Amino acid sequence: MALLELKDVHTFYGNIQALKGISISVDEGEIVTLIGANGAGKTTTLMSICAITPLRSGQILLNGKEISRVSPNKIVKMGVSQVPEGRRIFPQLSVSENLDMGAFLRTDKEGIKRNMEEVFAIFPRLAERRNQLGGTLSGGEQQMLAISRALMANPHLLLLDEPSLGLAPLVVQNIFEVIQKINKERKTTILLVEQNANMALKIANKGYVMQNGIIKSADTAAHLLENEEVRKAYLGL
Amino acid sequence: MEYFLKLFLSGTAKGSIYALIALGYTMVYGIIQLINFAHGEIYMIGGFTALIFGGFFFSKGMPVGFVLLFSVLLSIIYAAAFGYTIEKIAYRPLRGKPRLSALISAIGVSMVLQNFVLLAQTEKFLPFPSYLPEFKWLQPYKEYINSTQLIILGVTAVIMVLLTFLIKFTRMGKAMRATAQDMHMAQLVGVDINQVISMTFIIGSALAAIGGVLICSYMGQINYYIGFIAGIKAFVAAVLGGIGSIPGAVLGSFVLGWTESLGTGYISSDYEDAFAFIILIVILLIKPEGILGRTRRQKV
């Protein structure tokens with residue numbers, strides 16, 4: 001059984017249909033990537049999983065349980081965390097308060113403390129700036145904070161939306177290394193949305209290509225990297 | 001100088017009351033970007049509830065201290081229940097719809113409540129007995145400040161400290177701040193925003209009820225219409241300070257209280273209500289986002 005399964009998901013914004021029947025499956029322990037151009041529906045897919053933009057029809061199953069009518073906070077409780085597009089740091093909260101918010105539903109003080117030390121070990125920069133307001137961090141630091149905040153919930157499934165957006169190549173490299181590390185060391189399953197298809201496919205097991213609200217092709221990441229059409233359209237080769 | 005001090009202190013007391021009401025406006029606005037026009041009515045209902053229960057307890061021969069305590073507690077509970085219910089039936093179904101819908105709904109609720117009290121009670125001004133204690137030791141200074149004013153100042157100060165603590169350090173407070181800054185993101189970390197929004201209305205309404213009891217005790221009368229003008233003034237105070245900002249609402253309220261008091265004292269009492277709007281226009285011309293308001297910069 002897949003950890004996460006989307007079956008024929010349709011999502012609308014008012015009268016505009018953003019998702020026209022998406023089916024995706026993510027297995028335990030995998031890194032799965034969702035690639036495609038702007039406006040393909042990648043972000044909407046993640047927001048539908050988290051129940052922020054509820055679907056009109058279709059099914060979303062987490063561990064075989066239907067979650068498409070569950071409220072967003074309960075989905076977080078079930079072990080799904082998201083690093084949204086544009087990072088969405090709470091600008092007027094300090095770095096450590098942002099991290100505390102990530103652990104909002106947890107009650108184990110000891111565990112939260114240990115977790116915070118863990119993320120500070122991954123991103124020492126955040127430790128230096130723990131009392132600074134989130135809004136004053138640089139783009140790269142905000143991305144680190146966004147990932148750390150999601151990790152503070154100790155998620156089973158981590159959804160990442162364009163973590164490389166607007167960052168310098170070196171920082172992107174660092175972020176991708178951390179994503180792989182999270183997957184390997186914490187055994188966190190990852191669904192990664194990316195425009196940087198090349199880098200995403202290199203670390204993923206499986207990939208889906210989205211276009212105009214539908215899944216255009218689905219294959220192993222290695223196959224997609226070699227696929228002529230994908231190379232032309234998304235890898236710029 | 002003596003005259004100034006007198007006006008200044010009465011302005012401070014007035015400002016304290018505005019602050020208790022303005023906080024409800026600014027907290028609700030901070031979280032759901034709604035000007036809750038029914039908020040002034042909550043304040044009026046708080047006053048009426050205290051009047052009714054106070055009279056009842058007093059007629060049963062309860063000691064004054066208990067009458068005060070129970071009538072205030074009941075008025076807080078009553079007002080909080082009103083705030084909670086109004087949000088649930090008049091605003092929640094309109095969430096996610098254009099903002100104007102909820103605003104019109106708020107004006108509707110305000111009219112319904114005013115007329116409800118008008119029909120259920122009376123259109124006349126009713127005397128409001130003060131159960132607040134008189135301090136003997138304050139006698140020599142009563143030129144400057146009377147017992148009721150001092151109590152108003154003290155109660156407001158205590159409430160401000162409690163509220164600051166709640167918002168800064170408690171889990172609910174953090175959830176409120178996070179929701180105000182980014183509602184969807186708050187949901188993504190597991191905040192139940194319905195709970196946060198309900199709580200905001202409950203706290204705001206409770207503060208308004210306390211303000212209602214205090215001001216009615218001070219003025220010695222109550223009427224179904226008092227919520228309207230007080231609501232508008234507190235709204236002006238919240239905008240003056242920067243709507244959405246809690247310290248801004250408090251500061252704006254004091255600025256308004258002082259302006260009114262000094263304006264009536266030095267210029268003319270005929271224009272008491274006009275001063276509120278004059279200062280609003282002046283501040284908005286100089287600093288459109290309010291004294292402590294932030295312009296929202298979008299980082300792309």
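Start with chain B: for its 300 residues a compact globule would have a radius of gyration near 19 Å, and chain B agrees, with 19 Å. The radius is taken over C-alpha atoms, and the globule rule is 2.2 Å times the number of residues to the power 0.38. This is a predicted model, in which local features need pLDDT of at least 70 and side-chain atom pairs count only at pLDDT 80 or more, while totals for chains, interfaces and linings use all residues. Residues are numbered from 1 along each chain as its sequence is written, and chains are lettered from A and ligands numbered from 1 in the order in which they are written.

**Chain B, whole**

Helices (H or I, at least four residues) and strands (E, at least two) are DSSP runs, numbered from the N terminus. Along the principal axes, the C-alpha atoms fill a box of roughly 60 × 45 × 35 Å.

Of the 300 residues, 49% count as buried. A residue is buried if 20 or more other C-beta atoms lie within 10 Å of its own, exposed if 12 or fewer, and partly exposed in between, with C-beta atoms placed from the backbone. Among contacts between residues at least 6 apart in sequence, 76% join residues at least 24 apart; two residues are in contact if their C-beta atoms, placed from the backbone, lie within 7 Å.

**Helices H6 and H8 of chain B**

Next, select residues 171-181 of chain B, which are H6(B), and residues 193-219 of chain B, which are H8(B). The two helices pack at an angle of about 100°, with their axes 10 Å apart. H6(B) and H8(B) are therefore roughly perpendicular to each other, a label that covers angles of 65 to 115 degrees. The axes are lines fitted to C-alpha atoms, for helices over the stretch in contact, and angles run from 0 to 180 degrees between N-to-C directions.

Show the side chains where they meet: Met172(B), Ala175(B), Met176(B) and Thr179(B) come from H6(B), and Ile193(B), Val196(B), Met199(B) and Thr200(B) from H8(B). By class, this contact has six nonpolar, two polar and no charged residues. Ala, Val, Leu, Ile, Met, Phe, Trp, Tyr, Cys and Pro count as nonpolar, Asp, Glu, Lys and Arg as charged, and the others, Gly among them, as polar.

**The nonpolar core**

Now centre the view on Ala22(B) and Ala79(B), which have the most contacts inside the largest nonpolar core, a set of 157 residues. Such a core consists of buried Ala, Val, Leu, Ile, Met, Phe, Trp, Tyr and Cys residues joined through C-beta atoms within 7 Å. H8(B) gives the most to this core, with 15 residues.

Go to Gly231(B), in helix H9 (residues 226-241) of chain B. Gly231(B) is buried, with 25 other C-beta atoms within 10 Å. Beyond its neighbours within four places in sequence, Gly231(B) is in contact with Ile21(B), His39(B), Gly40(B) and Tyr43(B).

Then pick Ser59(B), in helix H2 (residues 39-59) of chain B. Ser59(B) is exposed, with 9 other C-beta atoms within 10 Å. From its C-alpha atom to that of Ala186(B), 127 residues apart along the chain, the separation is 50 Å.

**Chain A**

Switch to chain A, which has 10 helices and 10 strands. Its radius of gyration is 17 Å, close to the 18 Å that the globule rule gives for 237 residues, so chain A is as compact as a globular protein of that length. The C-alpha trace spans about 45 × 40 × 35 Å along its principal axes, and 46% of the residues count as buried.

Select residues 42-49 of chain A, helix H1(A): seven of its eight residues are buried, so this helix is largely enclosed by the rest of the structure. After H1(A) comes Ala51(A), with a positive phi near 65°.

Two loop residues are worth a click. Asn63(A) lies between strand E4 (57-62) and strand E5 (65-66) of chain A, and has a positive phi of about 55° although it is not a glycine. Asn212(A) is in the loop between strand E9 (206-211) and strand E10 (214-220) of chain A, with a phi near 45°.

**Where the chains meet**

Finally, show both chains: 21 residues of chain A are in contact with 14 residues of chain B. On the chain A side, helix H2 (72-77) and helix H3 (95-102) are the elements that give two or more residues. That side has 12 nonpolar, four polar and five charged residues.

Definitions and conventions. Parallel < 35°, antiparallel > 145°, perpendicular 65-115°, else oblique.
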